[in-house]
Amino acid sequence: MLINYLVAAALLVVGSFILWFKFIPVNDWSADEIDQIDSLWIERLSLSPPPDRTNLFADNHEAQLLGLQLFFDKRLSANGLISCSSCHQPNLDFTDGQKTSIAIGTSSRNAPSLIGASYSPWFYWDGRKDSQWSQALSPLEDQAEHGGNRVFFANLIASNFDYRKQYEDVFGALPDLGNKNRFPNMIGPFNTPENKKLWANMLASDQEVINTIFANIGKALAAYQRLLTPGPSRFDHFVSLRNSGTGETADPSLTAEESRGLRLFIGKAGCTNCHNGPLFSNNSFHNTGLLSSPGKLPDLGRVAAVNKAKKDPFNCLGAFSNNNNYCMELLFTKSGKELVGAFRTPSLRNLKRSAPYGHAGQQQTLTEVINHYDKAPDAMIGHNEAKPLELWPWERWQLEAFLESLDSPPNIDSRWLAPLPKNKDE
Amino acid sequence: MKQFLIAPLTALISLSLLLFSSNIHSHGGVVLDEDICLIKVGFFQAHFTVFQPQTKGHEQFCEDLPDIGESIFVLEYLHDGLEKMYVDFRIIENLTGNGPFTNKADVELIDDVDAITVFYQPALQNPDVFAVLHDFQEEGEFIGIITAKHPENAKIYTAVFPFEAGFTSNDLSDLAVLFVVLSIFFSWLGYLVFKRTRSEPIFTSLLAAFLVASVFLPLKATAQIADSETITGKSKTYLLTGDPSIKPLTINQIHSWTVKLTTHDNNLVEKAHLTIAGGMPLHDHGLATQPRMVAETGPGHYQIDGLKFHMRGYWEITITVEKDGINETLTVGLNL
């Protein structure tokens, strides 16, 4: 008799749980929740990224075309095998699927997606660059990445008929770089002792000539990358339907599980503390207690990057910036111990094709990511800002389901996703 | 209390004490103080933690390490003094025969420290965090030696701490104790539930009904609508009203405020200096930027640059007004 009661009760509980979990979406959103949801909607994102006043050519069509060519060109590397697209592959939302990137050498960080990157005031996981054009310069000279140097890149532009023409159409006449006494050939990364010596022996005015061409290469690359913006996801469709009033009765664009995940995302799980706004990122720096990679010391992150950004000759206040009057981010950035082990909040709009996650690709799956935030363990260095969430298992499943509904295919014309027909010199 | 409760409860309490007490120990220069592992280098203190991320994940160790392999020693200075010093870190084999009781005097007796050194990190001056990585190849007893050298007076401070790497005994006994505790706890719980159910057969049905009902009656979230249009602050002497350079005031955008500072009887306050701080009291964190007053743009009107709010919710901006050597602080509350 008792057994029968128990079995009936158990069936009732399990049955109603499944019914709730699978078939009953949230239908009692509060005003505050609706306000939160609306703030995450892609329509709240400006159609094109905020103006970059440090780059006069940021939205110049010819510069975009030149940037596209350069982005996919393997000649922009010491060994002729690496282009920007080696680690930022269009079919992987401009990531590379690796924990840490492999180019000429192995990088210490994970390749972030470039989709929507132009909306951030800071670049790199640690924000050591304050503009997209300035960021584009570093990998070119990094010994683990393209492994080249600015004199080599300037010569490449000057010696290639098409590049020369394209460059001059945008940036004006190229000076003559033919005098090898003034512009010596440099081999390999910029910072080798030999190259440093060659550079130091150049006239300051000649250094400036090279730096200007180099900065312009970055500006063209940035102009291209500013086109890489996210498109609407199923979540955005859900918000559109709600906002137009047609979604009140049924929300076909989010399942029951996903809508419960959304409620957790903006509520109990506290995700919008950092993953806020239409890109699901505040582009600020936070320590979330990720483990160090095998064989590596814990990464200092932002605390070690603030001075790099401030001292960078290619920053907002530098000689190669087209406008030094709008540098508030650089001038008023915070430094200090709070930033030990802090990294920039990544957008959540490209999760489907951008695994693994974390600044060194420490987490392979979203399940791992969510479990990590659920526990919020102490950080190895600094202080983990996240607090344990103590979610129920099904809440973690709901959260994961919601994150998957954010997948936003890029809002880019396909002609920008592959190189143009080859240059004839290539 | 009923008699049948006493025996299992006593067992539970005493065994859990046993379980947790095995983690409380200290020797040498490292002490575990209220769950925080500290090292004393001379009279300077630092947080001291060891991680074995590849085998033990986020688990923290104060000195003895359960595994060999990759171990990361992290020092976070609690004393400003250490930030300016040159700190080095050495690990030697412990051949003193004194095991966990090895002290500084024992180490000073060693003739050739280099010969038994397994790891050495030359002196570094690091204001943020001092971390070293050593990959222990074999298990054994070791001594960690940290020295801090003052950059000016060349004074040297030392910390010595003996430790083991690759010990396993504690792990097994901990697990066994945990197993016993859990089995007693669950059989006791099972017994209680069984008794309950027999006397009140309706109990489970009620519980199930309650669960089902709670599913269909979700609690409404409390709504708190933001009002971010007014920037005002008040202190004993002053009134402040602000005008942000972006309207509506939104998150994640760096911007400026022009603030008007008056006394309570509406006189403009000129030639004051404002210092800006703030944060989210509920989240226990500060601002994402370091805003500053950049100019007095007109009598009693001041421009503050570099404000940015990187989360939604309640923010407090504290503005300290310095006028004729007297400080007074105003707080501006903002709901974003």
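This is a predicted model: local features need pLDDT of at least 70, side-chain atom pairs count only at pLDDT 80 or more; totals for chains, interfaces and linings use all residues.
Two residues are in contact here if their C-beta atoms, placed from the backbone, lie within 7 Å. With that cut-off, among contacts in chain B between residues at least 6 apart in sequence, 63% join residues at least 24 apart.

**Stop 1: chain B as a whole**

Select chain B and colour by secondary structure. Of its 336 residues, 25% count as buried.

**Stop 2: the core in chain B**

Next, select B:Ile39, B:Val74, B:Ala131 and B:Ile146. These belong to the largest nonpolar core, which has 50 residues, and they touch the most other members. At least two residues each come from β2 (36–41), β3 (44–51), β5 (69–77), β6 (86–93), β8 (130–136), β9 (140–149) and β10 (156–165) of chain B.

Centre the view on B:Ile39. Which residues is B:Ile39 in contact with, leaving aside its neighbours within four places in sequence? The list is B:Gly29, B:Val30, B:Ala46, B:Phe48, B:Leu75, B:Ile146, B:Ala159 and B:Phe161.

Another core, of 42 residues, lies apart from that one; A:Leu137, A:Tyr163, A:Ile213 and A:Ile217 are among its members. As background, nonpolar side chains in soluble globular proteins tend to be buried together.

**Stop 3: where the chains meet**

Show both chains and select the residues at their contact. Chain B puts in 43 residues and chain A puts in 44. On the chain B side, elements supplying at least two residues each are α2 (53–56), β5, β8, α6 (203–216), β15 (285–286) and β17 (301–307). Which element of chain B gives the most to this side? It is α6(B), with six residues. Coloured by class, the side of chain B that touches chain A shows 22 nonpolar, 15 polar and six charged residues.

**Stop 4: chain A as a whole**

Chain A has 15 helices and two strands. Its radius of gyration is 24 Å, close to the 22 Å that the globule rule gives for 426 residues, so chain A is as compact as a globular protein of that length. Along its principal axes, the C-alpha trace spans about 100 × 45 × 40 Å. Buried residues make up 48% of the 426 in chain A. Of the contacts in chain A with a separation of 6 or more, 73% are between residues 24 or more positions apart.

**Stop 5: two crossing helices**

Select residues 61–71 and 204–225 of chain A, which are helices α3 and α9; their axes come within 7 Å and cross at roughly 100 degrees.

From α3(A), select A:Ala63, A:Gln64, A:Leu66, A:Gly67, A:Leu68, A:Leu70 and A:Phe71; they meet A:Ile217, A:Lys219, A:Ala220, A:Leu221, A:Ala222, A:Ala223 and A:Tyr224 in α9(A). By class, this contact has eleven nonpolar, two polar and one charged residues.

**Stop 6: an enclosed helix**

Move to helix α5, residues 132–141 of chain A. Nine of its ten residues are buried, so α5(A) is largely enclosed by the rest of the structure. The buried ones are A:Gln132, A:Trp133, A:Ser134, A:Gln135, A:Ala136, A:Leu137, A:Pro139, A:Leu140 and A:Glu141. What covers them includes α6 (150–159) and α9 of chain A.

Select α6(A) next. Its buried residues are A:Arg150, A:Val151, A:Phe152, A:Phe153, A:Ala154 and A:Ile157. The cover over these includes α5, α7 (161–171) and α9 of chain A.

**Stop 7: two serines in a loop**

Finish in the loop between α4 (84–87) and α5 of chain A, which holds A:Ser107. Is A:Ser107 buried or exposed? A:Ser107 counts as buried because it has 20 C-beta neighbours inside 10 Å. Leaving aside neighbours within four places in sequence, A:Ser107 is in contact with A:Thr100, A:Ser101, A:Ala144 and A:Glu145. For a distance across the chain, pick A:Ile37: it is 70 residues from A:Ser107 in sequence and 37 Å away in space, C-alpha to C-alpha.

A:Ser101 is found in the loop between α4 and α5 of chain A. A:Ser101 is buried, with 23 other C-beta atoms within 10 Å. Beyond its neighbours within four places in sequence, A:Ser101 is in contact with A:Cys87, A:Asp96, A:Ser107 and A:Ala111. A:Ser86 lies 15 residues from A:Ser101 along the chain, and their C-alpha atoms are separated by 9.2 Å.

Note on methods:
Residues are numbered from 1 along each chain as its sequence is written. Chains are lettered from A and ligands numbered from 1 in the order in which they are written. Helices (H or I, at least four residues) and strands (E, at least two) are DSSP runs, numbered from the N terminus. The radius of gyration is taken over C-alpha atoms; the globule rule is 2.2 Å times the number of residues to the power 0.38. A residue is buried if 20 or more other C-beta atoms lie within 10 Å of its own, exposed if 12 or fewer, and partly exposed in between; C-beta atoms are placed from the backbone. A nonpolar core is a set of buried Ala, Val, Leu, Ile, Met, Phe, Trp, Tyr and Cys residues joined through C-beta atoms within 7 Å. Ala, Val, Leu, Ile, Met, Phe, Trp, Tyr, Cys and Pro count as nonpolar, Asp, Glu, Lys and Arg as charged, and the others, Gly among them, as polar. Axes are lines fitted to C-alpha atoms, for helices over the stretch in contact, and angles run from 0 to 180 degrees between N-to-C directions.
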